[in-house]
Amino acid sequence: MFEPQAMTKVIIAGSKDYMGISIDVLYNHNALHIADFADEDEDFKIGKPYARATKLSERTVSLRSIASYLSITGKEDIQNRYPEGAITDEIDEKTEHLNFEVTQVTDKISGIDSRIKDINDKKRLLDPLKNFDLPLELYGGYKSLAVFVGTLKGSPAISDITNDYELETVPYGRGHAIALFVPKEFEDDVLKRLQDQSYSALSLPEMGGIPKDILADLEAQLAELEAEKAESQKGLNALRKTYIDYILASDEYLSIATQKAEAPLRFATTKNAFITEGWIPTKNLERVQHDVDSATDGHVMVATDASEAVSAEKVPIALENPMPTEPFEVLTKAFSLPKYNEIDPTTFIALFYPFLFGLMLGDIGYGAVIIGIGFLVQRRLKSKGIRDLAKILVYAGVVSIVFGFIYNEFFGVELFGKSGLIPSFYAYPTIPRFENVLTLLLVTLVIGILMLTLGYVLGFVNEYRRHGLKHAVFAKVSWILMLWGGVLVIIEILPPLTSGTAISVSSALLAGLAVAVVGFVFLIMGEGIIGIAELPTLLSNVLSYSRLLSIGISSAGIALAVNQLSYALFFSKGGVFVILGVLMLIVGHAVNTTLGILDSGLQSLRLHYVEFFTKFYSGGGTKYRPFGYVRKYTEEQ
Amino acid sequence: MVDPIGGGMVALAAAIAVGATGIAAALGEQVIGSAAIGVMAEDEGFFGRGLVMTVIPESIIIFGLVVALILLFVTMPTI
């Protein structure tokens with residue numbers, strides 16, 4: 001809960017003859033985090049993958065190409081799991097057969113596609129000529145005539161070259177489509193003239209008939225091809241439906257088999273033996289040891305290695321939190337995984353994150369909406385990260401409602417009390433935000449001081465574990481002393497400063513000063529004179545918590561503005577305007593809810609990452625990736 | 001009764017405290033934010049640290065805000 005899962009370092013060694021069976025056992029346990037072997041020397045070489053790996057990869061490639069033709073992404077759910085035995089028996093035959101069937105259809109589709117493209121090309125070429133009545137075969141093949149067919153800007157002016165010409169022209173696009181017949185001897189001159197007018201020639205397809213008729217004919221062919229294509233597509237969909245279970249299952253089977261076959265690449269091997277290092281969660285250790293031992297008749301040994309357990313740098317990290325706080329792991333991971341000997345901050349995030357969020361948002365209406373959104377997202381979306389965030393949103397919404405009751409706010413409106421929506425009910429004292437700004441400012445600063453103190457205490461624990469008591473006192477207790485000494489001093493001198501009276505030297509003031517100075521001396525002893533540079537962060541960190549108030553007030557202010565504007569502009573006029581007023585309320589509060597989630601969410605996160613975490617948490621752990629697979633589509637036998 | 005000129009001055013001072021520090025914080029975050037997004041495009045694991053870096057200049061506006069609150073709620077009633 002407060003620490004990552006306990007891991008034990010293991011060294012697994014044995015005869016090569018038993019490597020395969022050990023891999024099977026380890027893989028099924030899905031517990032060993034392998035430390036890949038990389039430093040080859042004369043005795044130890046990186047292991048060779050089993051020969052079957054090549055064939056497995058080939059099968060995977062052909063299967064995935066089929067899957068992509070059938071647009072199977074690998075994220076689909078299937079009804080029943082596939083027994084693994086049924087796959088191994090027939091995978092070659094079935095994949096080949098499937099490949100044949102699928103390529104038959106896809107070949108047909110690509111044939112149709114290329115014909116469609118061909119027809120579209122012809123259509124494009126003939127389109128400018130659609131209003132000419134001259135059959136296509138008459139646009140060329142003359143001995144004494146040059147023919148220009150194409151498009152150009154404006155209409156051709158060649159009367160100064162020759163009057164002996166025949167011209168057909170119709171407006172087309174921004175210019176004209178032309179068919180111009182001139183005697184051969186003027187061909188070059190005319191071409192030059194036309195080029196001045198951006199003439200672009202059409203290379204006509206070799207067909208006969210009136211262009212308009214040809215186009216109609218092409219159109220008919222196109223419709224026919226499209227229908228044919230739709231038919232084939234249907235066939236492909238039918239194939240997808242029939243084989244999706246099989247494809248997903250065999251893809252999973254192949255992934256598993258490939259990983260197993262390639263596992264020796266991560267081991268160190270000698271001529272006759274293999275050896276691998278890694279970590280196993282301590283709770284699984286005994287079962288793994290027992291199973292490996294019994295499966296290999298004691299020829300492979302899983303030995304624990306305590307010597308390196310102390311150097312926590314490389315130990316893989318698996319967070320372990322009970323169900324209610326587990327979703328908050330996503331926030332820890334977004335910052336960084338803890339190191340092995342470091343406190344896992346997830347529990348603290350789970351406590352403070354919704355609290356700070358609710359303190360800022362603090363509205364019964366918005367809280368309820370946010371809970372609704374949280375549940376909706378959980379129901380609709382599958383991604384684990386998003387669902388975790390949605391769960392966090394539900395927690396935050398609940399706390400927002402609690403603070404909504406304290407602030408007496410419902411979508412920015414006063415809910416209970418004489419001037420509220422429900423005037424008859426007035427059962428408890430509320431703290432309206434706009435009337436208690438200074439009190440709430442103090443409350444936020446106190447929250448800041450407490451959270452920072454907790455941060456330093458946790459930091460003390462971390463430092464104590466890593467570097468011992470002396471270092472921990474200098475590095476963390478120093479700050480706690482300065483923080484609380486400073487608080488005492490400020491409590492004593494702030495009232496006289498603001499009211500302009502003289503500061504009286506009280507015993508509390510002296511005590512505060514003394515404590516702060518002791519803390520300061522500790523800091524200098526621990527970090528040297530450079531520690532002074534970090535002093536101002538203490539003040540800014542505490543003041544930073546005042547955002548809890550300011551974000552809250554701005555959110556409540558927007559809600560108030562939406563309500564008052566909709567009343568002044570629309571509701572007060574009555575009639576049709578009421579509809580507009582309701583519309584404005586809905587849009588305004590929807591926008592403010594979005595802002596509320598983003599702002600409160602990010603600012604609360606920031607107070608954790610920047611102000612709280614920097615006191616104790618550095619992170620940088622490696623993620624625990626066990627050697628194994630969580631089956632989704634297949635069943636082991 | 002609040003002195004209208006003095007009260008107005010205090011309100012203006014509060015506005016400047018929030019406004020000017022807001023601009024300053026924005027200028028700072030603009031530079032860091034775009035750099036952080038750039039790093040995140042390479043490595044998504046940088047999100048947490050990127051966020052921390054990006055919001056560092058925010059302290060400026062928080063100071064401005066505290067000054068404004070004190071002006072409005074401590075100084076204003078004494079005028």
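Helix α11(A) has 31 residues, which at 1.5 Å a residue should span 45 Å, and its end C-alpha atoms sit 44 Å apart, in agreement. The expected span here is 1.5 Å times one less than the number of residues, and helices (H or I, at least four residues) and strands (E, at least two) are DSSP runs numbered from the N terminus. Bear in mind that this is a predicted model, where local features need pLDDT of at least 70, side-chain atom pairs count only at pLDDT 80 or more, and totals for chains, interfaces and linings use all residues. Residues are numbered from 1 along each chain as its sequence is written, while chains are lettered from A and ligands numbered from 1 in the order in which they are written.

**Helix packing in chain A**

- α11(A) packs against α14(A) at about 125 degrees, their axes 7 Å apart; axes are lines fitted to C-alpha atoms, for helices over the stretch in contact, and angles run from 0 to 180 degrees between N-to-C directions.
- That pair is therefore oblique, given that angles under 35 degrees count as roughly parallel, over 145 as roughly antiparallel, 65 to 115 as roughly perpendicular and the rest as oblique.
- On the α11(A) side the contact uses A:L445, A:G448, A:I449 and A:L452, and on the α14(A) side A:N541, A:V542 and A:S544; residues are in contact if their C-beta atoms, placed from the backbone, lie within 7 Å.
- By type, the residues of this contact split into four nonpolar, three polar and no charged, where Ala, Val, Leu, Ile, Met, Phe, Trp, Tyr, Cys and Pro are nonpolar, Asp, Glu, Lys and Arg are charged, and the others, Gly among them, are polar.
- α15(A) and α16(A) pack at about 175 degrees with axes 9 Å apart, which makes them roughly antiparallel.
- Residues meeting there include A:I551, A:S555, A:I558 and A:V562 from α15(A), and A:L585, A:G588, A:N592 and A:L595 from α16(A).
- The contact of α15(A) with α16(A) counts seven nonpolar, nine polar and two charged residues.

**Where the chains touch**

- 16 residues of chain A are in contact with 13 residues of chain B.
- On the chain A side, two or more residues each come from α7 (329-335), α11 (437-467), α14 (535-544), α15 (547-569) and α16 (577-612).
- That side of chain A divides into eight nonpolar, six polar and two charged residues.

**Chain B**

- Chain B has three helices and zero strands, in the order α-α-α along the sequence.
- Its radius of gyration is 18 Å, well over the 12 Å that the globule rule gives for 79 residues, so chain B is more spread out than a compact globule; the radius is taken over C-alpha atoms, and the rule is 2.2 Å times the number of residues to the power 0.38.
- The C-alpha trace of chain B spans about 60 × 15 × 10 Å along its principal axes.
- Of the contacts in chain B between residues at least 6 apart in sequence, 76% join residues at least 24 apart.
- Buried residues are 22% of the 79 in chain B; buried means 20 or more other C-beta atoms within 10 Å of a residue's own, exposed 12 or fewer, and partly exposed in between, with C-beta atoms placed from the backbone.

**Two asparagines with positive phi**

- A:N30 has a positive phi near 50 degrees and belongs to the loop between α1 (19-29) and β2 (33-35) of chain A.
- With 13 other C-beta atoms within 10 Å, A:N30 is partly exposed.
- A:N408 has a positive phi near 60 degrees and lies in the loop between α10 (384-407) and β13 (409-410) of chain A.
- A:N408 counts as buried, with 22 C-beta neighbours inside 10 Å.

Methods:
Two residues are in contact if their C-beta atoms, placed from the backbone, lie within 7 Å.
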